[in-house]
Amino acid sequence: MASSSLLEAGAAVRRGDARRGYRRALARFARHRMAALGAAFLAVVLAVAAAAPVVAPYRYDKQDLLSTYEAPDAGHLAGTDALGRDVLSRLMYGARVSMSVGLAATAIVLLVGVPTGLLAGYFGGTLDLMLMRVVDIVYAIPYLLLVVLLQTFFTAFLPAIRAGPLVWLRALNQATGGVAAIVLALSLVGWLDVARVARGQALALRHREFVQAAKSLGASEKHVLAAHLLPNIAAPIIIMATLLVPSFIIAEAGLSFLGLGVQPPTPSWGIMIADGVDAIESYPRLVIAPAIVLAATLLSLNFVGDGLRDALDPSSER
Amino acid sequence: MGAYLTRRLLLAIPTMAIVYTLAFLLVHATPGGPWDNAEKPLAPQVLANLKAKYHLDDPLWKQYVLYLGNAVHGSLGPSYVNTSQDVAEIIREFFPVSMQLGAAAMVFAIATGIPLGTLAAVYRNTPLDYAATGIVVIGISIPNYVMATLLVTVFAVLLHWLPTGGWRGLLDARVLIPMVAIGFRPATTLARYLRASLLEVLHQDYIRTARAKGLAGSRVVVRHGVRNALTPIATVSGFLVADVITGSFFVETITRVPGIGRYFVTATTGRDYPVLLALALLFAVIIITMNLLVDLSYALIDPQVRYT
C-alpha cells in the first residue's frame with residue numbers, strides 16, 4: 001500500500017519532470033526556430049548584397065529629379081527619395097556596405113586579437129601587462145566616442161595620402177566609397193576586446209591537466225598553443241564573433257548617420273536614415289524602410305548568435 | 001574610505017593624461033580644418049593670421065602644454081567655427097540640457113529595467129518571462145538611432161500624440177521620445193543582469209528561511225532578493241553611462257534637442273577640433289567619475305564591502 005503510493009508519487013514527479021522537460025524543449029525549439037528564421041533572412045540579405053549590381057532595379061546613384069518623393073508603385077517598389085533615387089536599389093546596395101563592414105571588421109579583429117590574447121594569457125609577462133594597461137585605458141572611453149575621433153582622423157587623413165607605403169590604403173578607401181576607413185577605425189579599437197576574452201580563456205586553460213599532460217609528454221609551446229588551446233577557446237570566440245558582427249554594423253550605420261561613414265553617393269542604411277530624418281514629417285517611409293531593414297538584420301544576427309550559443313555551449317542554459 | 005578615495009583619484013590622473021594625449025594627437029594629426037573651403041579658399045595672409053591667433057604654428061609640444069595649462073584653469077580654448085563663444089561657454093550652455101535628458105533616461109532605465117528583470121526572474125519560464133526576454137532582445141539588437149526614428153515616426157508623425165522634436169525642459173512632453181530612445185537599451189541591460197543575478201539569489205538558503213518564517217512572497221523578493229541581487233547591477237552602471245552619452249549624439253540630433261551630444265556631432269562634421277578635444281575630455285571625466293561613484297556605492301548596497 002505504502003509502496004504503491006510512493007510509486008504514484010514518483011510517477012507524478014516524473015510526469016511533472018516530463019512536462020517541464022517538454023516545456024523546456026519547446027522553449028529551446030522556439031529559440032532555434034527564431035535562429036533558423038534569422039539565418040534564412042541573413043542568407044537573403046547576404047545574397048542581395050553580393051548580387052546587388054545584378055538584382056537592383058536601378059543604380060544606387062541614378063537620380064530622377066522629376067520624380068522625387070514618389071510613393072511606392074510598380075516602377076519603384078519602395079518609392080523614391082529626395083533626389084528621385086530608387087529606395088529599394090539603395091537598400092540593396094546599402095546591404096553591401098553593412099555586410100562587408102560587419103564581416104571584414106570581425107575578420108580583422110579576430111585575426112589580430114585572438115593570437116595576441118592567446119600569447120598574452122599563455123606566456124604572461126610584458127606583453128600581458130601592456131595589453132591589460134591598454135585595455136584598462138580604452139575601457140574608460142566610450143567605444144563609439146573613440147571610433148568617432150579615429151574616424152574624424154581617417155576621413156581626413158586617408159584621402160590626403162599622396163605617396164608612401166600607404167598609398168594602396170587610399171586607393172582601397174576610394175574604391176570602396178569610404179568603407180576601408182570605417183573598417184580600420186572599428187578594428188583598431190575592437191581587437192582589444194577580442195584579445196581580452198582570448199587572454200582570459202588562455203589564462204583559465206593553461207594550468208589544466210590536458211595542457212600539463214601535453215607539456216610533460218614533451219610537446220612544444222607552439223604545439224600546445226595550436227593543438228590544445230586554440231581549439232578549446234574556439235567556442236567562446238565564435239560566440240563572441242556573432243556579437244561582434246552586429247555591433248560593427250550598428251557602429252557603421254551610426255558613423256554614416258553622423259556623416260563620418262561612407263562617402264555619398266554610396267548608400268548606407270545609416271545615411272538613408274539620416275537623410276530620411278530630414279523629411280520625417282512628410283515622408284516617414286524614407287526613414288522607416290532603412291530602419292526596419294537594419295533592425296531586422298540586427299535581430300536576425302542576434303537570434304543566430306543565440307542559436308549558436310545553445311548549440312556550442314549546452315551548459316549555458318538560461 | 002578616505003585613503004581609498006585618494007588612491008582612486010590619483011589613479012584617474014594617468015588615465016586622463018592618456019585620454020588627453022590620445023585625443024590631442026589625433027586632433028592635431030588630422031589634416032585640414034574648418035577653413036578648408038574648396039570653392040572659396042581663404043587668402044594666404046588670412047590663413048596665416050588665423051594660424052597665429054590659435055598658436056597653430058607653435059611646435060606641437062608647446063601647444064600640448066599650453067592647452068593643458070589652460071584646461072586646468074578652466075579655459076578650454078576657442079571654437080574654430082563658433083567665434084562668438086569659447087568652448088567653456090559652449091559647454092555651460094549646452095551641457096545642462098544633456099545632463100537633464102541623461103538623468104531622465106537613467107531614471108527611466110532604472111524604473112523600467114529593475115521591475116522588468118524582477119518579474120522575469122520571479123515568473124521564470126512563464127509567458128511573462130518570455131515577453132520580458134523578447135523586450136531585452138529588442139533592446140540589445142536595436143540601436144538607439146533606429147529606436148528614436150521609429151518612436152518619432154509612430155508617436156509624432158502617425159499618431160500625433162507627441163511633437164516630433166525640440167526641448168522645453170524636463171516637464172514638457174517633448175522629453176518623452178528622447179528619454180525612452182536613450183534609456184531603452186540601458187533598461188534592457190539592467191533587466192538582463194538583474195534577472196540572472198536574482199535567479200541565483202532566490203535559490204539561497206536565507207530566501208527559504210524568509211519564506212519559511214511566513215513572509216509574504218513579494219516582501220521576500222523585494223527585501224531579501226532584489227536587494228542582494230543589486231551588487232552585479234552596480235557593475236554594469238558604468239557601461240550604462242557610456243551608453244547614455246553616446247546615445248545622446250544620435251538621439252539629440254534626431255529629436256532636435258539642443259544638448260552637448262548634438263553639438264558634438266556638429267563639431268565633428270564642422271571639423272571644429274578644439275570642441276572635439278574638449279568634449280572628448282569632458283566625456284572621459286564623466287565616465288571616470290561615474291565609475292568611481294559606482295565603486296563607492298558598493299559599500300552602500302553591500303555592507304560586506306569595506307574600503308580601507
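Tutor: A residue is called buried when its relative accessible area is under 20%, exposed when that area is over 50%, and partly exposed in between. The model under discussion is predicted. Over all chains, the count comes to 5 salt bridges, and three of these are described here.

In chain A, the side chains of D128(A) and R199(A) form a salt bridge, with N and O 2.5 Å apart. D128(A) belongs to helix α4 (residues 125-139) of chain A and R199(A) to helix α7 of chain A, so this pair ties together parts that are 71 residues apart in sequence. D128(A) and R199(A) are both buried.

In chain B, R185(B) and D243(B) are joined by a salt bridge whose closest N and O atoms are 3.2 Å apart. Helix α7 (residues 176-201) of chain B holds R185(B), while helix α9 (residues 217-254) of chain B holds D243(B), so the pair ties together parts that are 58 residues apart in sequence. R185(B) has a relative accessible area of 32% and is therefore partly exposed. D243(B), at 19% relative accessibility, counts as buried, because the limit for that class is under 20%.

A further salt bridge in chain B links the side chains of R208(B) and D205(B), at 3.8 Å from N to O. Here both residues lie in helix α8 (residues 205-212) of chain B, 3 residues apart, which is about one turn of the helix. Both R208(B) and D205(B) are exposed.

Note on methods. Residues numbered from 1 in each chain as written. Chains lettered and ligands numbered in written order. Predicted model: local features only at pLDDT ≥ 70, side-chain atom pairs only at ≥ 80, totals over all residues. Heavy atoms only, no water. Salt bridge = Lys/Arg side-chain N within 4 Å of Asp/Glu carboxyl O. Helix = DSSP H or I, 4+ residues; strand = E, 2+ residues; numbered from the N terminus. Buried < 20%, exposed > 50% of the residue type's maximum accessible area, 1.4 Å probe, protein only.
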